[in-house]
Amino acid sequence: MSTIRLAYRLLHDAYGPQGWWPAATRSGVADAWEIAVGAVLVQHTSWKNVVRAIANLESAGAMSFTAIDAIEPEALAQIIRSAGPPNVKAKRLKAFARFLVESHGGSMDALLDGVVDRKIALERRSQLLGVHGVGPETADAILLYAGGAPLFVVDAYKRRVMRRHGWGDSTAKYDEVAAFWRKRLPNDVKTYAETHALLVRVGIEHCHASRAKCEGCPLQALLPNSGPLE
Ligand code: SF4
């Protein structure tokens, strides 16, 4: 078994299925629009702050794409300020809502239609990358978790684990890192989704930016003999 598959197995055995994308304010799994809002808001902030922002959007009756499209940017910034920087995030959310209205009639179903096919997924991805504030990580998270697209999300947690274990080139371009993981995992969307969620969890619980807490980490058995690389 390849090291990457083994890493997946160890994480899955230790943590079990992560059930992503979690609904922010209810139990269960988020719907496609909430996934998109969450993916835009979570950039450079914690999920806890996103949960507060989404709860505020819901209490203000502003969680729909029509409400976000219509609301003044300053008012939106005020509602989502917990997921700061508020003006930046408000501009991004409004840009996403406008894109959805202009390109897909305001329908997440239309945006996600057919993305289980990789060719269609890549077309929609390139549309999304044209939206203000949507980078590859956000686009892939939306398409993978909301639409079941065969895309792999790359983030700082993943690069950190790669670097500390000496797996591939953790500094490579986004698409190269994604290809590294896709090539080594089963060609299966559920595994892509689960692997990302599991690596986020290990990043939060053990593989901190400031220090690797390797003792008790599910990936400890896969470290180089000399310990984590820096
Ligand atoms: S905490 Fe240590 S064992 Fe766990 S992923 Fe990071 S470097 Fe690997």
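Ground rules. The model is predicted: local features need pLDDT of at least 70, side-chain atom pairs count only at pLDDT 80 or more, and totals for chains, interfaces and linings use all residues. Residues are numbered from 1 along each chain as its sequence is written, and side-chain values use heavy atoms, with hydrogens and water left out.

Fold next. The chain has 12 helices and zero strands. Helices (H or I, at least four residues) and strands (E, at least two) are DSSP runs, numbered from the N terminus. The radius of gyration is 18 Å, close to the 17 Å that the globule rule gives for 230 residues, so the chain is as compact as a globular protein of that length. That radius is taken over C-alpha atoms, and the rule is 2.2 Å times the number of residues to the power 0.38. Along the principal axes, the C-alpha atoms fill a box of roughly 55 × 35 × 30 Å.

One annotation. UniProt, in an unreviewed entry, places "domain: HhH-GPD" at residues 41–205. UniProt positions are in the numbering used here, feature names are shortened, and annotations may be inferred rather than shown by experiment. Over that stretch the chain is 68% helix and 0% strand. Its end C-alpha atoms are 22 Å apart.

Trp20 to Trp21 is a cis peptide bond, omega near 5°. Trp21 is in the loop between helix H1 (3–15) and helix H2 (32–41). Gly84 to Pro85 is also cis, with omega near 0°. Pro85 falls in the loop between helix H5 (73–79) and helix H6 (86–104). His44 has a positive phi, near 60°, and is not glycine. His44 lies in the loop between H2 and helix H3 (47–59).

On to cavities. The grid is 1 Å, over the protein atoms alone: in a cavity a 1.4 Å probe fits but cannot get out, while a pocket is an open set with protein on both sides within 12 Å along at least five of seven lines; lining residues have an atom within 4 Å of a point. Grid points are joined across faces, edges and corners, and a volume is the space filled by probe spheres set on the points.

How many cavities of 30 Å³ or more are there? One. The largest cavity holds about 100 Å³. It is lined by 14 residues, with His165, Cys207, Ala212, Cys214 and Cys217 nearest its centre. Helix H10 (residues 156–165) gives the most to that lining, three residues.

Where does the ligand sit? In the largest cavity; sitting there means more than half of its atoms lie within 2 Å of the grid points. Residues around the ligand include Arg164, His165, His206, Cys207, Lys213, Cys214 and Cys217. Near means a heavy atom within 4 Å. By class, the shell has seven nonpolar, three polar and two charged residues. Ala, Val, Leu, Ile, Met, Phe, Trp, Tyr, Cys and Pro count as nonpolar, Asp, Glu, Lys and Arg as charged, and the others, Gly among them, as polar.

Last, the largest pocket. Its volume is about 720 Å³. Of its 24 lining residues, Val42, Thr45, Glu137, Asp155 and Tyr157 are closest to the centre. Helix H9 (136–147), H10 and helix H12 (189–205) each give two or more residues to the lining. The lining has 12 nonpolar, eight polar and four charged residues.
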